Amino acid sequence: MKPLLPVFCRPMGYVVILLAAFLPLVMMLLGRVTDANLVFYRECSKLLVMLGALMIIFAYTRDEGKETERLRCRATRNAIFITVAIVFGDMLLRVAQGDATAPVDSSSFVVYLLVHVLCLEFSIKKEAVSRAFKRNGR
């Protein structure tokens, strides 16, 4: 999977995710969130998290190479597996509770993107540590 965005989009993606996490809280403290616009703010937060995660996933790293492309593909595979397990577990929990009226979770894609970012970051950091130990001859 080739990167599409410049390097500065990775830290900017984290800023967007932090903004999405804390902006609704600040707006609530300022009295801007009401019952009438709560769904609007929730959906805007989800969109900002999606945007930030996509910026992180598709941005170049500083030392971009074939190994990073391989790590991106592996992170995608792991994220799909983990997200399916989470959504399936949630479905089993609802079946076990006998709650037929609960709506299907609409944030599975957000969960997927966040798990994908976590898998990607973990893989990149793990590879960097492995390279550092190989370089030192250990």
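Please keep in mind that the model is predicted. Let's start with the overall picture. The C-alpha trace spans about 60 × 40 × 25 Å along its principal axes. Its radius of gyration is 19 Å, while a compact globule of 138 residues would come out near 14 Å. Buried residues account for 30% of the 138 residues. Now look at the contacts in the chain with a separation of 6 or more: 85% of them join residues 24 or more positions apart.

On to the helix pairs. Two packed helices are described by the angle between their axes and the distance between those axes.

Take H2, residues 38-57, with H4. Their axes come within 9 Å and cross at roughly 30°. Angles under 35 degrees count as roughly parallel, and that makes H2 roughly parallel to H4. The crossing of this pair is left-handed. If you want to find the contact on screen, H2 brings residues including Val-49, Met-50 and Ala-53, and H4 brings residues including Leu-113, Val-117 and Leu-120. The contact of H2 with H4 has twelve nonpolar residues, one polar and two charged.

Now for H3, residues 66-97, against H4, residues 108-135. Here the angle is about 140° and the axes are 8 Å apart, which makes H3 oblique to H4. The H3 and H4 crossing is right-handed. Their contact divides into 13 nonpolar residues, seven polar and four charged.

Conventions:
Residues numbered from 1 in each chain as written. Predicted model: local features only at pLDDT ≥ 70, side-chain atom pairs only at ≥ 80, totals over all residues. Heavy atoms only, no water. Axes fitted to C-alpha atoms, helices over the stretch in contact; angles between N-to-C directions. Helix = DSSP H or I, 4+ residues; strand = E, 2+ residues; numbered from the N terminus. Parallel < 35°, antiparallel > 145°, perpendicular 65-115°, else oblique. Left-handed = near helix turned anticlockwise from the far one by under 90°. Nonpolar A, V, L, I, M, F, W, Y, C, P; charged D, E, K, R; others polar. Contact = heavy atoms within 4.5 Å. Rg over C-alpha atoms; globule rule 2.2 N^0.38 Å. Buried < 20%, exposed > 50% of the residue type's maximum accessible area, 1.4 Å probe, protein only.
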